[in-house]
Amino acid sequence: MKRCPYCGFENREGVLFCEECGQPFVGQADTPDTSRLNPETHETFKERMTWGTARFGEGASVLIRIRDVVEPLVFEPGAETIIGRLDPSALETPDIDLAPYGAAELGVSRRHGMIRRGEDTLTLIDLDSTNGTFLNGQRLIPHQPRVLRDGDEIRMGRFVFNIFFR
Amino acid sequence: MIDASRNLYAILGIPPEATAEDIREAYRVMARRFHPDANHNQGADVQFRDIAVSYSVLSNPGDRLRYDDAHRHFRDEPAYFSLRAIPSKRVLSTLIEPQVLYLLLDIVPAQRVISARRANVPMNLTLVLDRSTSMRGARLDKVKIAAHHIIDQLSPQDVLAVVSFSDRADVLIPATSVTDKTSLRSTVSIMRADGGTEIYHGLVAGVAECRKYLAPRMVNHVILLTDGRTFGDEQRCLALARQAAEDGIGISAMGMGEEWNDEFLDALAAATGGSSAYINTPRAVLQFLDERVRSLGDAFAERLQLTIAPDADVLLESAFRLNPHPQPLEVERQPIPLGTLEKNRSIRALVQLQMPPSSKTGFRSVVRLDVTGDVLIADRHQYKVISDIAIEIAHEPSPEPPPPAVLDALGKLTLYRMQQKAERALTQGLALEAARQLENLATRLFAAGQDELAHKAIHEARRVSRTQAFSQEGRKSLKFHTRQLLALPAPGNDVP
């Protein structure tokens, strides 16, 4: 059996694309990187096998819950929201600055990823970051948008947070 | 009397100089694989019939001698087309659970045979045109223009018939050689929109016209064009299509607008190896008909049929024709019609098999593939190619990436299947599940760079969760456009 890292569906051996959600297995099939996830992450991932909605309507806002940080970040996303860490030597400021939470040590790039707001949906895009962006444990291909759902786990480098719609 | 053109030795998998003992042994092996008592797969009994006939001839010394003599001048005939199969894995691992194996099949016309003969194959074409009330206006006008265009393209060696139908059928142009183009065109022009849609009437009249000039050396094809849903006569239409396929007539269907029944048109086309398409603007009619007729005119071989006979412990799960004209194939009925093999395009199909758990290492047979077709440009009928696929099983084989061609095809097919899954979920009343599948599809479409389709999928997902229903336009558009993605040739995988 081969468990889909994206949706948890148990696929038969030899399957190349998850028969449930269509995610490709190639590149990961023979080198499962599950060991890198810490147990806690795995638990939160398993708790909700059913998915939150992908609908993100008008007037909705985003709540970001960073692990070990009590107070969530709340913001209303514009057309494009850059997530990264502020580097005093750089001129640019990301819309969401993760530097106060130890982002530099955990491998977050200055311009790491972006949340793009579409008509009733949010998509997550990796901006060719050094350590990559992971959505629910699966690595994003740079510059290819992926639809976000309420409750998704996002990992940037080794920086983990969950995203909620409200 | 046995058809001397068939290669009985190939059917038993032995060389022509095989001894009587070899023949007996080969038959024993084949019977173990394909005898209906041991193997319940659909294609197996088709194969076993051939095997039994071959054995009965070759095991009788007198019959064998007569057959060898009659078959002699077929021995040196060229390979008219070939069959290639690429498995998703070359070596399977021993496993205590079943595993999936994909085969990418290519049926390739032999270029040598093509360049030796240039002439085009004559066509026996029947157009069956919907003229129900809903066609009034731009739709019917475009259909007429498209029909005119086709008349202009045909040559005097071709045969054309035109049938129009609503709740009854009229033969506008009885099957005739295309000589007086002016009068043919003006006959099409007088068509008027009026009445309901009953496809069966039109199809019966169309197939009857096509049958008048039915000839094995021609491409015999009926093209149905409708914008409506037919009520209650689907089964009769399908039975008619199967009969037509047996007689060597292919049917292609195209639906315009939003009302027509896509599953029905799919089944109709699949029954004969034809194709079906969705046309969302009247303008696209011309493009589709043009492409279809060009493709038929480019025929190298017609009435291709594929038999997929897995070994007794292997399961055939599905098959899909990717190219040309992507179309799901009905594996429950074998042989499977594949339609026309064009001169410059191979037929490509993806087959999904399930292998049983296995602990034994070494090579094992998996499936026998058998393709038969009438090679029109060489006047060779029922030309057959057989390919026995074997695969190695080993303990912990070194990992290998799947072949890019398989990956590419399967990736696109997965998109189409996700859309189908969403539809199925909704038919079962699972709106949330359907919406979730559509969101998954949107994610994959974004990843594939198909932003426009992805947005359509998101739109439908929202609609489904709100209203528990697809929009007709959105559903058909997603289905046929994800399917159409399959038709794009993978870079570097074109037929040489």
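**View 1. The contact between chain A and chain B.** In this predicted model, 28 residues of chain A are in contact with 32 residues of chain B. The two chains bury about 2,700 Å² between them, and carbon and sulfur atoms give 52% of that area. On the side of chain A, the residues that lose the most area to chain B are A:Arg12, A:Phe17 and A:Glu20, which together make up 22% of what that side buries.

**View 2. Charged and polar pairs across the interface.** Between chain A and chain B the count is six salt bridges, and a salt bridge also joins the side chains of A:Arg149 and B:Glu439, with 2.6 Å from N to O. Polar contact links 13 residue pairs across the interface of chain A and chain B, both residues of each pair being at pLDDT 80 or more. Sorted by class, the side of chain A that touches chain B consists of twelve nonpolar, six polar and ten charged residues.

**View 3. The domains of chain B.** The domain assignment divides chain B into domain 1 (1-76), domain 2 (80-109 + 308-326 + 336-371 + 381-399), domain 3 (123-297) and domain 4 (404-485). Between the C-alpha centres of domain 1 and domain 3 of chain B there are 41 Å.

**View 4. Nonpolar cores.** The largest nonpolar core has 76 residues, and those with the most contacts inside it are B:Phe81, B:Ile107, B:Val285, B:Leu289, B:Phe300 and B:Ile308. Domain 2 and domain 3 of chain B each supply at least three residues to this core. Leaving aside residues up to four places away in sequence, B:Ile107 touches B:Phe81, B:Ser82, B:Leu83, B:Leu304, B:Leu338, B:Leu341, B:Ser346, B:Ile347 and B:Val371. Another core, of 26 residues, lies apart from the largest one and includes B:Ile199, B:Tyr200, B:Ala205 and B:Ile249.

How values were computed
Residues numbered from 1 in each chain as written. Chains lettered and ligands numbered in written order. Predicted model: local features only at pLDDT ≥ 70, side-chain atom pairs only at ≥ 80, totals over all residues. Heavy atoms only, no water. Domains from an automatic or database assignment. Contact = heavy atoms within 4.5 Å. Buried area = accessible area lost by both parts, 1.4 Å probe. Salt bridge = Lys/Arg side-chain N within 4 Å of Asp/Glu carboxyl O. Polar contact = N/O pair within 3.5 Å; in protein donor to acceptor, adjacent residues only side chain to side chain. Nonpolar A, V, L, I, M, F, W, Y, C, P; charged D, E, K, R; others polar. Core = buried A, V, L, I, M, F, W, Y, C linked by side-chain atoms within 4.5 Å. Buried < 20%, exposed > 50% of the residue type's maximum accessible area, 1.4 Å probe, protein only.
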